[in-house]
Amino acid sequence: GDHPVTAKATAYLAAHPLPFQEEHTKLEILLVAMIGEYFDIAAKEFAQEATYEMMGVVDMIHLNKLYEQLCDLLGRESLMVKLNTLTRQYFFPIPATASFLHGLTRQLVDTLTQRDMETSRQVFQLIVCQM
């Protein structure tokens with residue numbers, strides 16, 4: 001089926017016809033206009049995909065047994081919680097959501113700075129001129 005944003009993008013284009021000849025320019029402007037819609041869906045898809053990938057790699061039964069064994073060795077679960085926290089801080093200095101937001105922001109900046117071949121203006125300039 002179609003991507004969930006497709007119907008909204010089609011409605012946006014019907015309400016806001018773009019006067020540009022370059023299809024790439026139209027697509028870039030549409031992406032900027034729909035970034036909020038795209039973000040909501042992309043964030044959910046990112047979380048689902050990350051969970052799916054992790055579950056495909058991690059043996060949860062083994063992981064739970066290992067957790068119990070480490071709690072027994074440490075003597076208290078509170079120490080295991082501290083160990084988990086330290087491990088995350090050391091091995092995962094950037095949370096996955098921050099990495100996702102960085103990628104999305106970078107894509108938005110790249111989109112805004114693309115140049116329209118017909119007018120030689122950047123996308124952000126075209127958007128400002130339409131306001």
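Is the crossing of H4 and H5 left-handed or right-handed? The crossing is right-handed; that word applies if the near helix is turned clockwise from the far one by less than a right angle, and left-handed if anticlockwise.

First, the basis. This is a predicted model, where local features need pLDDT of at least 70, side-chain atom pairs count only at pLDDT 80 or more, and totals for chains, interfaces and linings use all residues. Residues are numbered from 1 along each chain as its sequence is written, and side-chain values use heavy atoms, without hydrogens and water.

The protein averages a pLDDT of 82, on the predictor's confidence scale from 0 to 100. Mean confidence is lowest in helix H3, residues 35-57, at 78, and highest in helix H7, residues 123-130, at 88.

Back to H4 (residues 60-74) and H5 (residues 77-91): their axes lie 8 Å apart, at an angle of about 115°. Tyr67, Leu70, Cys71 and Leu74 of H4 meet residues of H5 including Leu79, Met80 and Val81, with contact meaning heavy atoms within 4.5 Å.

The second pair is H2 and H7, whose axes come within 10 Å and cross at roughly 70°. These two are therefore roughly perpendicular, the term for 65 to 115 degrees. On the H2 side the residues are Thr25, Glu28, Ile29 and Val32.

Threonine 25 sits in helix H2, residues 23-33. Why does threonine 25 count as buried? Because its relative accessibility is 3%, and buried means under 20%. Beyond neighbours within four places in sequence, threonine 25 contacts Phe20, Asp116 and Leu126.

Notes. Helices (H or I, at least four residues) and strands (E, at least two) are DSSP runs, numbered from the N terminus. Buried means under 20% relative accessible area, exposed over 50%, partly exposed in between (1.4 Å probe, protein chains only). Axes are lines fitted to C-alpha atoms, for helices over the stretch in contact, and angles run from 0 to 180 degrees between N-to-C directions. Angles under 35 degrees count as roughly parallel, over 145 as roughly antiparallel, 65 to 115 as roughly perpendicular and the rest as oblique.
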